[in-house]
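This report goes through the model displayed below, element by element.

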Protein chains: 2
Amino acid sequence: MREIEGGVCAPKGFRAGGVRCGIKASSVKRDLALILADGPCTAAAVFTTNRVKAASVLVSREHLASGICRAVIANSGNANACTGAGGLAAARRMAVLAGKTFGFPAEQAAVASTGVIGVPLPIAAIEEGMGALAASLTADAAGHGAALEAIMTTDTRKKDGAMETEIGGVPVRLGGMVKGSGMIHPNMATMLGFITTDAAVSGELLDRALRRSVARSFNRLTVDGDTSTNDMVLVMASGVAGNSPIDREGADYEAFTEALETLCVKLTRAMARDGEGASRLVTVTVRGASGEVAAETLAKSVASSSLVKAACSGADANWGRVLCALGYAGVPFDPEAVTVRFASAAGSIPVCRNGASVPFSEEKAGEILSADEIGIQIDLEAPGGGPAGPGEAMVWGCDLTCEYVKINGDYRT
Amino acid sequence: MREIEGGVCAPKGFRAGGVRCGIKASSVKRDLALILADGPCTAAAVFTTNRVKAASVLVSREHLASGICRAVIANSGNANACTGAGGLAAARRMAVLAGKTFGFPAEQAAVASTGVIGVPLPIAAIEEGMGALAASLTADAAGHGAALEAIMTTDTRKKDGAMETEIGGVPVRLGGMVKGSGMIHPNMATMLGFITTDAAVSGELLDRALRRSVARSFNRLTVDGDTSTNDMVLVMASGVAGNSPIDREGADYEAFTEALETLCVKLTRAMARDGEGASRLVTVTVRGASGEVAAETLAKSVASSSLVKAACSGADANWGRVLCALGYAGVPFDPEAVTVRFASAAGSIPVCRNGASVPFSEEKAGEILSADEIGIQIDLEAPGGGPAGPGEAMVWGCDLTCEYVKINGDYRT
């Protein structure tokens, strides 16, 4: 398995593009994207669990129920959520426009929107932009980059990746792009993820692989399981790589899922690093919990604590807040058998053992916590030493800064 | 029922005081407080549900199991949490010192601490300060004020109150003080509340009244039910008012509980208003939910959303975030039958009806949201109009500002 270039266009059988059609106030930013497969793909997707769902989510869920997808059409600058019957009609219209322009049934189009909630989607702008969108499509990194730019809102970096692996001796590729700053504002119309692959995979196995990968990546960027009105991760498999189709669990399925999970984790880390206003990526690891779910719950509680996050922004080794956040996670553990370490490229030091303070150099701790990427490592220990249980999980987040407040204090203006 | 002066010294039978003993780095701030009853009081208390509990919580819970309390001794500047066996010994020592100095069994002392977690409590400083503490006690507003100052940490305002009501024709008084900024950092060693009354109330009814009042006040300032390692609310009843003792539910119990709840709500609002870095008190009201718990859960989800709070700081009428936060609260409701209003002393306007936008003046909305105290009013409606259910709840919070991040970026230094 190795990283390659090209994003969603790295796998064979896909083109992508993006243009400015005028949804965003900016006169230069792209706001309309398309990823188009040469032919029908098997597809799988996960959607927001929020009771308030964007029109695009409702339409995409309906369309993807068949397991077949040819394209995803997406806009930024407007979430098309809380927009009533007009919003639903606009989302359906986006699918129709994609189908008409490229000659496939509208039901084979997924639709995605991201941006402000509660403002009617200017569908006329999208309609007028379709010609330019078609002209922008390429099967290379340029098309990928244009599409990615067109789904970004407050994102400050492009977040993408591509992998190549072998399945039954045949090279297959996976590529992906995401927008969103994930955990720092899980309740915003934040996350969109589009993944392509040229592997041949049955719909059922593709769905299973996606759910497993998302559970261990994007869903570990989430506070409290919260999701926005628009969240969506879609994977499309063109099958043109020529591998023997994956239609059961086994070595091929594992190889594919490992590559998919690796790609999803890479994209997850990129979202954490680009959290609104974030100055650092914070990785929280819990070991020794009773199981993986318990470990994940504890790690999320720490990663989502405003106080822990504020301390990270100030490079303050305030480990008491870590213990406090573990304590209200709702998971049993022995508070007097906890070790906490802070780690980064600058080193690693224990700051708490047996649930109490250990002497440490504040200077060294400050140096470690001043890094771009920092780790909070928590070990729950058995009475005789060693882990108290087999559960381990890693969760990704970021620090909380003034910049976050500034960005979100007047997001609409 | 009317508001009176004097805080915890307003009820008969109590003295209070506070001094600087040297726990805080500051050379001027008080850090050791005592509230002393003239004789044994019936008492009730609620404590943090955090699995990581401060030594003071462990000791107070043990001592108050008898239902008898003579005094509470409290320090600020150090939470005495995550401090191991030494911390527990120090908390016990605080009770012994109070008992020895004033001549009562140590088991009749409640102990409270607030401040940094994980640092050994300098018990010698407290021991040396006991003489001055005794000398500082008075039965008036001065003693109350000194005690209140001595439990403050990042608090910027004194938060206290007192009420007088009649029970069976006899005037009784209740007084209280709190420290903490509550919901804005529910996972910190934040909230302490001490309430006195001269009403005669049985331990059982006092406990019942306290739990009901706390559920509708301090616990509605809490995000996700989270509590810190040190949270504690204590009520002591001296019984010297001379009312016929309240030992069953009925008119007297209701009058007492109403006064207690009113006092607790006043203190809760004061904490929300003084949230760390807060520029506004935000009251979220939900009507029309299936029940009170559902209404409270929905309102808390809105009041604790970082995005809603950031929008409040910017006076931005971003009602989509309100709907989004309702949507992930985990409570069923019809997203297309929601009305949202923003309100303050500057007026009130609907911004969302039937889950979608209604035209409103941005200028007027900005004016309303720029007030010191703002309301977010949410109505869940039945298909034919009117509330969808009988559940109503009010929750208190505050906005999220840069100042919060600054305060918590280097809290320990």
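## A covered helix in chain B

In this predicted model, helix H4 of chain B (residues 141–150) is mostly covered, with 8 of its 10 residues buried. The buried residues in H4(B) are B:Gly143, B:His144, B:Gly145, B:Ala146, B:Ala147, B:Leu148, B:Glu149 and B:Ala150.

What do the buried residues of H4(B) pack against? The partners in chain B are strand E2 (14–19), strand E3 (32–47), strand E4 (68–76), helix H3 (123–136), strand E6 (159–167) and strand E7 (170–179).

## A buried alanine in chain A

Helix H6 of chain A spans residues 251–273 and contains A:Ala259. Is A:Ala259 buried or exposed? A:Ala259 counts as buried because it has 24 C-beta neighbours inside 10 Å, and the cut-off for burial is 20 or more.

Leaving aside residues up to four places away in sequence, A:Ala259 touches A:Met1, A:Met163, A:Thr165 and A:Leu174. The C-alpha atoms of A:Ala259 and A:Glu3 are 9.8 Å apart in space, while the two residues are 256 residues apart in sequence.

## The six-stranded sheet of chain B

In chain B, 6 strands make up an open sheet with mixed pairing, in the order E13-E12-E11-E14-E10-E15. Strand E13 (356–357) and strand E15 (391–398) of chain B are the edge strands, and each of them pairs on one side only.

Strand E12 of chain B (residues 347–353) is joined to E13(B) by 2 bridges, and the two strands run antiparallel. B:Cys352 has B:Ser357 of E13(B) as its bridge partner. Helix H9 of chain B (residues 319–327) packs on the sheet. H9(B) touches strand E11 (338–344), E12 and strand E14 (373–380) of chain B, and the direction of H9(B) makes about 125 degrees with that of E11(B).

## Domains of chain A

The domain assignment divides chain A into domain 1 (2–273) and domain 2 (281–409). The centres of domain 1 and domain 2 of chain A, taken over C-alpha atoms, are separated by 32 Å.

How many residues of domain 1 of chain A are in contact with domain 2 of chain A? On the domain 1 side there are 11, in contact with 12 residues of domain 2 of chain A. By class, that side of domain 1 has 5 nonpolar, 2 polar and 4 charged residues.

## The interface between the chains

Between the two chains, 51 residues of chain A are in contact with 51 residues of chain B. On the chain A side, the elements that give two or more residues are helix H8 (306–313), helix H9 (319–327), strand E13 (356–357) and helix H11 (402–409) of chain A. H9(A) supplies the largest share of that side, 7 residues. By class, the side of chain A that touches chain B has 24 nonpolar, 22 polar and 5 charged residues.

Technical notes. Residues numbered from 1 in each chain as written. Chains lettered and ligands numbered in written order. Predicted model: local features only at pLDDT ≥ 70, side-chain atom pairs only at ≥ 80, totals over all residues. Contact = placed C-beta atoms within 7 Å. Helix = DSSP H or I, 4+ residues; strand = E, 2+ residues; numbered from the N terminus. Nonpolar A, V, L, I, M, F, W, Y, C, P; charged D, E, K, R; others polar. Buried ≥ 20, exposed ≤ 12 C-beta atoms within 10 Å, placed from the backbone. Pairing = 2+ DSSP bridges. Axes fitted to C-alpha atoms, helices over the stretch in contact; angles between N-to-C directions. Domains from an automatic or database assignment.
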